[in-house]
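Dear colleague,

Please find below the structure that I am handing over to you. My findings follow after it, arranged by topic.

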Amino acid sequence: MITTMQLTGKITRETLMPLEAYAKWRKVHKPEVIAHRKLRTVHLGEHLTVQFESELSMRYQIQEMLRIEKIFEEEGIQDEIDAYAPLVPDGTNWKATLMIEYPDVNERRRELARLIGIEDRMFVEVEGHGRVYAVADEDLDRETEDKTAAVHFLRFEFTPAMRAAIKAGAGVKLGCDHTNYPAHVQIPPETLASLAGDLRD
């Protein structure tokens with residue numbers, strides 16, 4: 001029986017913990033996962049949050065869903081893996097969840113209408129290289145004619161030269177050039193160090 005969270009490079013049913021083992025692991029290790037997720041979170045202006053995902057964050061998400069929903073049948077477990085495993089970066093990219101956050105419900109409705117297409121205007125810019133725009137929502141379209149969704153899934157795909165530059169310590173900006181939300185920020189060094197670990201040569 002698996003009694004700890006193992007990073008194996010691929011999330012499968014066999015590498016997940018049974019519910020009982022996970023409940024014990026969670027009591028001890030939840031603060032570490034929260035710290036890991038916080039480290040990999042970048043705020044872009046007041047209303048956009050980008051959570052860069054990892055195998056650890058997605059394993060934790062899957063295990064949490066299994067725990068909350070008390071799922072132990074093989075089919076149900078596989079459904080959760082199919083939903084979240086595609087968000088694990090696979091060596092040439094960063095994958096992220098984009099959250100558009102407006103606490104006031106009326107303001108949120110208005111801004112989501114103004115921000116249609118924002119997911120396609122998110123970019124990462126490695127020092128000395130051109131912008132890499134996000135490939136957004138590959139699982140399904142999250143936008144209607146009237147508004148964009150409050151949550152999107154992004155993939156930033158890098159060339160070998162960009163990956164090498166990031167691993168060598170180049171600065172990286174995260175930005176958005178949507179007409180109604182122009183913003184960019186330098187990714188902090190400690191966050192960048194964690195993200196560089198997602199990339200292979």
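Strand E3 (residues 93-100) is paired with strand E7 (residues 151-157) in the antiparallel sense, and seven bridges connect the two. Within this pair, Met99 has Val151 in E7 as its bridge partner. Please note that the model is a predicted one.

E3 and E7 belong to an open sheet of five strands, whose order is E1-E2-E3-E7-E6 and whose pairing is antiparallel. Strand E1 (41-44) and strand E6 (135-136) form the edges; each has a single partner strand, so one side of each is left without a neighbour in the sheet. At one end of the order, E1 pairs with strand E2 (residues 48-52) over four bridges, again in the antiparallel sense. His43 has Thr49 in E2 as its bridge partner. As for E6, two bridges join this strand to E7, and the two run antiparallel. Here Ala136 has Leu154 in E7 as its bridge partner.

The loop between E6 and E7 contains Asp137. The phi of Asp137 is positive, near 50°, in a residue other than glycine. Is Asp137 buried or exposed? The relative accessible area of Asp137 is 9%, which is under the 20% that defines a buried residue, so Asp137 counts as buried.

**The four-stranded sheet**

There is also an open sheet made of four strands, with the order E5-E4-E8-E9 and antiparallel pairing. Its edge strands are E5 (131-133) and E9 (181-186), each of which pairs on one side only. On average, and with direction ignored, neighbouring strands of this sheet are turned by 20° against each other. Three bridges connect strand E4 (residues 122-126) with E5 in the antiparallel sense. Glu125 stands opposite Arg131 in E5.

**The chain as a whole**

In total, the secondary structure of the chain consists of six helices and nine strands. How does the radius of gyration agree with that of a compact globule? For 201 residues, a compact globule would have a radius of gyration near 17 Å, and the 18 Å of the chain agrees with this. Taken along the principal axes, the box filled by the C-alpha atoms is roughly 50 × 45 × 25 Å.

Of the 201 residues in the chain, 47% are buried. The chain exposes about 10,600 Å², and 53% of this area is supplied by carbon and sulfur atoms. Where contacts join residues at least 6 apart in sequence, 67% of them join residues at least 24 apart.

**Helix H2 and its surroundings**

Helix H2 (residues 55-69) has 15 residues. From its first C-alpha to its last, H2 reaches 21 Å, close to the 21 Å expected at 1.5 Å a residue. Why can H2 be described as largely enclosed by the rest of the structure? The reason is that 11 of its 15 residues are buried. Among them are Glu55, Leu56, Ser57, Arg59, Tyr60 and Leu66. The cover over the buried residues of H2 includes helix H1 (19-39) and helix H3 (74-84).

Leaving aside residues up to four places away in sequence, Met58 touches Ile11, Glu53, Tyr84, Leu87 and Val88. Met58 and Gly197 are 139 residues apart in sequence, while their C-alpha atoms are 16 Å apart in space.

**The residue after H2**

Which residue follows H2? It is Lys70, whose phi is positive, near 50°. Lys70 has this positive value although it is not a glycine. Lys70 has its place in the loop between H2 and H3. With a relative accessible area of 60%, Lys70 is over the 50% cut-off and therefore counts as exposed.

With kind regards

Note on methods
Residues are numbered from 1 along each chain as its sequence is written. This is a predicted model: local features need pLDDT of at least 70, side-chain atom pairs count only at pLDDT 80 or more; totals for chains, interfaces and linings use all residues. Side-chain values use heavy atoms; hydrogens and water are left out. Two strands pair if DSSP finds at least two bridges between them. Axes are lines fitted to C-alpha atoms, for helices over the stretch in contact, and angles run from 0 to 180 degrees between N-to-C directions. The radius of gyration is taken over C-alpha atoms; the globule rule is 2.2 Å times the number of residues to the power 0.38. Buried means under 20% relative accessible area, exposed over 50%, partly exposed in between (1.4 Å probe, protein chains only). Contact means heavy atoms within 4.5 Å. Accessible areas come from the Shrake-Rupley method with a 1.4 Å probe; for residues, only the protein chains shown count as cover. The expected span of a helix is 1.5 Å times one less than its number of residues.
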